[in-house]
Amino acid sequence: MVLREDILAAVAEMSLTDLNDLAKAFEEKFGVTIPVPNATAPADSSTGISNQTEFTVTLDSVGKDKVAVIKQIRGITGQGLKESKDFVENLPFTVKEGISKDDADALSKKLMGVGATVSIK
């Protein structure tokens, strides 16, 4: 029997694109609608995403643990506590620009891991 923790651990390792695909599979299999906030569309020629090589990660909301988000922002940006706090209090905030898809996914996982909501463009 698969444990809930195992499923959550597997999902935590997925990219946003993979999560979006998983949600679509659930919708088809079970006939439900699953909202997937801030997931990027799968890469295909009709969206133009497949040609995109640089991405921007934006912090949209903090969630319940503002202190944890501030700590993550400090680590990501290398800024001091005051600057990181100011960033988190003035949303939306562009965390990183011009980064690869893999880096954008990794960065978003870090922030979503502490309850933040992010978008990748």
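Tutor: Let's begin with Ser-108, which is buried, its relative accessible area being 0%. Here "buried" stands for under 20% relative accessible area, "exposed" for over 50%, and "partly exposed" for what lies in between, using a 1.4 Å probe and counting protein chains only. The model you are viewing is predicted, so local features need a pLDDT of at least 70 and side-chain atom pairs a pLDDT of 80 or more, while totals for chains, interfaces and linings use all residues. Residue numbers start from 1 along each chain as its sequence is written, and side-chain values rest on heavy atoms, with hydrogens and water left out.

Ser-108 belongs to helix H5. Helices and strands are DSSP runs numbered from the N terminus: helices are H or I with at least four residues, and strands are E with at least two. Setting aside neighbours within four places in sequence, Ser-108 is in contact with Leu-16, Val-118 and Ile-120. Contact here is a matter of heavy atoms within 4.5 Å.

Now move along the helix. Asp-102 is also placed in H5, which covers residues 101-113. Asp-102 counts as exposed, because its relative accessibility is 61%. Between Asp-102 and Ser-15 there are 87 residues of separation in sequence, yet their C-alpha atoms are 8.3 Å apart in space.

Lys-101 forms a salt bridge with Asp-105, and their closest N and O atoms are 3.3 Å apart. A salt bridge is counted when a side-chain nitrogen of Lys or Arg is within 4 Å of a carboxyl oxygen of Asp or Glu. Side chains of opposite charge can pair when their charged atoms come close. The two partners, Lys-101 and Asp-105, are four residues apart in H5, about one turn of the helix. Asp-105 counts as buried at 8% relative accessibility, whereas Lys-101 is partly exposed with a relative accessible area of 21%.

The structure has four salt bridges. Lys-82 and Asp-86 are four residues apart in the helix, so about one helical turn separates them. Lys-82 is exposed, at 58% relative accessibility, and Asp-86 is partly exposed with a relative accessible area of 30%.

Another salt bridge links Glu-89 to Lys-66, with the closest N and O atoms 2.9 Å apart. Because Glu-89 is in helix H4 and Lys-66 in helix H3, this pair ties together parts 23 residues apart in sequence. Both ends are partly exposed: Glu-89 has a relative accessible area of 38%, and Lys-66 has a relative accessibility of 36%. Lys-85 joins Lys-66 and Glu-89 in a network of salt bridges.

H3 (residues 66-77) and H4 (residues 81-89) pack at an angle of about 120°, their axes being 9 Å apart. The axes are lines fitted to C-alpha atoms, for helices over the stretch in contact, and the angles run from 0 to 180 degrees between N-to-C directions. On the H3 side, the residues that meet H4 include Val-69, Ile-70 and Ile-73. Their counterparts in H4 include Leu-81, Phe-87 and Val-88.

The peptide bond from Leu-91 to Pro-92 is cis, with omega near 0°.

Finally, step back to the whole protein. There are five helices and three strands, running α-α-β-α-α-β-α-β from the N terminus on. Of the 121 residues, buried ones make up 26%, and Ser-108 is one of them, at 0% relative accessible area. Among contacts between residues at least 6 apart in sequence, 59% join residues at least 24 apart.
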